[in-house]
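Please follow the numbered points in order.

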Amino acid sequence: MGKAAALCGGSTRGLVSLLSAVPCLGCQEAPGAGPPAMNAEPAGRGGAGPVGAPPAAPGSDTYKGWLFKWTNYLKGYQRRWFVLSNGLLSYYRTQAEMAHTCRGTINLSTAHIDTEDSCNIVLSNGGRTYHLKANSEVERQRWVTALELAKAKAIRMRNNQSDDSGDEEPASQSDKSELHGTLKTLSSKLEDLSTCNDLIAKHGAALQRSLSELENLKLPAESGEKIKAVNERATLFRITSNAMINACRDFLDLAETHSRKWQRALQYEREQRIRLEETIEQLAKQHNSLERACRGAPGLSSGSVCVANTAKGSVQSTKGEASDEDEETEYFDAMEDAPAFITVTADPKHHRRSGSNLSGASEGHPEDWNLEDSVFDSSNQTSYNESTCKDLLPKKRRRTRIPDKPNYSLNLWSIMKNCIGKELSKIPMPVNFNEPLSMLQRLTEDLEYHELLDKAVKCESSTEQMCFVAAFSVSSYSTTVHRTAKPFNPLLGETYELDRLDEFGFRSLCEQVSHHPPAAAHHVYSKRGWTLWQEITIASKFRGKYLSIMPLGAIHLEFHSSGNHYVWRKVTSTVHNIIVGKLWIDQVTGVVTDADGKAHYVMSGTWDEKMECSKIVQSSHGSTSSEGKQKTVYQTLSPKVLWKKYPLPENAENMYFFSDLALTLNEPEERVAPTDSRLRPDQRLMESGRWDEANVEKQRLEEKQRAVRRRREAEAVEALEEGKDYEGYIPLWFERKVDPMTGELICVYKGGYWEAKDKQDWSMCPDIF
């Protein structure tokens, strides 16, 4: 059926959102922040003139018009074309985009509609919020009326409570005629039965009167008793016939009720088929458009052509341009902010620079792309244990396998039997859904391809260095392919160290610094010339057909010799089609530019396989897109592989699809802190295959953590009553500071852990296990 993978929900922003430098604090948008004061005039294009004037009345099924949508603090409100249809509000940049690209959709059946002032509308549905602005109060009211009507209709359809009054139509006229014909036939038969019932009742009453008259006659005793028995049987017959008629009437009512459900089910299936056909048609149009763009681009007579259609255009070493849309844009919308650029592989031997075709944006010399002299040469890898650092062999032999995952059947009873008699808040999630690693260990897995940063240190050019940093940022997602199980949630104060200083030149430390919301701080030092630190909070949302995992927080990387400081944020990882359908992976493409906007390299690849880099030797302008944007054609030298995913070890499918590094993360080690994830008993029991014992131990640890939290809450209340300050939990190895680059409050390493390890002095560590 496919494979689960960590996906870039905003693949179109791709490397730009990952590696663009941090903007100034005055322009920075805090994570999850909404727009500023809503009484500002709309900014951006289309600010003048009427916005709305939809062609359809609010009571109709479809409502269209222009509104201003909040994007971000850099671009403010942007003019968008909105379409309200079938309980869904969709938007596009232009009316022409309706034929091929939808920028986002929100379901009104579960949405909350709010009005902040005379012109603003706020739509929220779960984690997605649209801040909209109409041109006038009248226009705003038209939209609110249309939205409320559409929401009410969507709720009726969802709850299966609507009737055949015309509020909802069957899938087609032929289906409607067939259903109504069936109901008409049933009604006719019921009328026949009612007529028969009336006749039976009439004749039965007459028969009873006649029998009563016979009883009153002076007949022999034997005859009277027989007449009485016949009278009783006639009464029973009439009662039975009435019961039969009532049962028939109930059947008709039930048929009428279910017929509406069948209509809705049939309508839904037909709509799904229509949507699928429209999607296929849109893909065909996009494919045709790209083919025309390739044929219309100059310089395509020689070399192969690669069309980049899913990425934002540039990765900059200085202040980058923010995405046009906010962070709540549809995660699966791969065409969002898609750049109009095409790459053409040129032959270095026959390459000639033509001054008439050069745009001045980028140009280079083929001789600069020297396979032997460049650090790009050593970019292919084979496995974790066969790293590029061949001069330093591991001093310790690491394990290469763990016990096979037990083949336990997962059924409702196996989960519920551990929940009987317990409060809802105390019901633990069974380990059946876990993998035997903690979130701290999963965070450490980002270092699987650390050698990319070792190579980046050797780069003399900052643009080359950025290529390796970009490849490293993408490589951290490759470890999640096939990994559909969730890691253990770390306990507050839990730590994890990975000391590979002698083997690979780095040592890493993670600490769970907050429980609600869960947050982990991470610090890595490499003696080969770089330091990485981050604080990550993980949020996840199940959205029906796909699961979104949203890491919040910035990642910092600094190179010691040059002082180059990179900041990026992890993108939302999305597992698509987790219920039905084929799982798929987003592509990654981007352009590396310098501080002046000059393009030097084109990067392309996939999150789960590899990243390639091509040096740009010439750029020119190609054909114009349907939106009026001119496409840029980059002529490049042959691509080189910067990063390629290591193959999974043998029997990985029975070992939770762990990589070579992941297999070693929970390997027991001496001299680690007593709070280290390796010492967590429930996780160790699960790895050993003793899942029932692991569930019992997991419940014990969680209840112990709840008791500590209740004690802290009681101490906070006591301190408040006494007028004292209560600091709450203080991280052991990290301290909270304001990040000078982002302005956010983060936890940074304050030192002391490795010194405590050398002395084996863990007296300050809490008892969490």
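1. The second largest cavity has a volume of about 70 Å³. A cavity here is a set of points on a 1 Å grid, laid over the protein atoms alone, where a 1.4 Å probe fits but cannot get out; the points are joined across faces, edges and corners, and the volume is the space filled by probe spheres set on them. The lining, meaning residues with an atom within 4 Å of a point, includes Glu448, Tyr449, Lys645, Tyr646 and Phe657. By class, this lining holds 6 nonpolar, 3 polar and 2 charged residues, where Ala, Val, Leu, Ile, Met, Phe, Trp, Tyr, Cys and Pro count as nonpolar, Asp, Glu, Lys and Arg as charged, and the others, Gly among them, as polar.

2. Please keep in mind that this is a predicted model, in which local features need pLDDT of at least 70 and side-chain atom pairs count only at pLDDT 80 or more, while totals for chains, interfaces and linings use all residues. Residues are numbered from 1 along each chain as its sequence is written, and side-chain values use heavy atoms, with hydrogens and water left out.

3. Among the residues lining the largest cavity are Asp446, Phe472, His522, Leu532, Trp568 and Lys570. Two or more lining residues come from each of helix 8 (462-475) and strand 16 (530-542); helices (H or I, at least four residues) and strands (E, at least two) are DSSP runs, numbered from the N terminus. The lining of the largest cavity divides into 6 nonpolar, 4 polar and 2 charged residues.

4. Which residues have the most contacts inside the largest nonpolar core? They are Trp530, Leu532 and Leu557, in a core of 58 residues, of which helix 8 gives the largest share, 8 residues. Such a core is a set of buried Ala, Val, Leu, Ile, Met, Phe, Trp, Tyr and Cys residues joined through side-chain atoms within 4.5 Å, and buried means under 20% relative accessible area with a 1.4 Å probe, protein chains only.

5. Leu532, which also lines the largest cavity, touches Leu453, Phe472, His522, His523, Val524, Ile555, His556 and Leu557, leaving aside residues up to four places away in sequence; a contact means heavy atoms within 4.5 Å.

6. For the protein as a whole, 12 helices and 27 strands are found, and buried residues make up 46% of the 769 residues.

How values were computed: 1 Å grid on protein atoms, 1.4 Å probe; cavity = no way out; pocket = protein on both sides within 12 Å on 5 of 7 lines; lining within 4 Å. Buried < 20%, exposed > 50% of the residue type's maximum accessible area, 1.4 Å probe, protein only.
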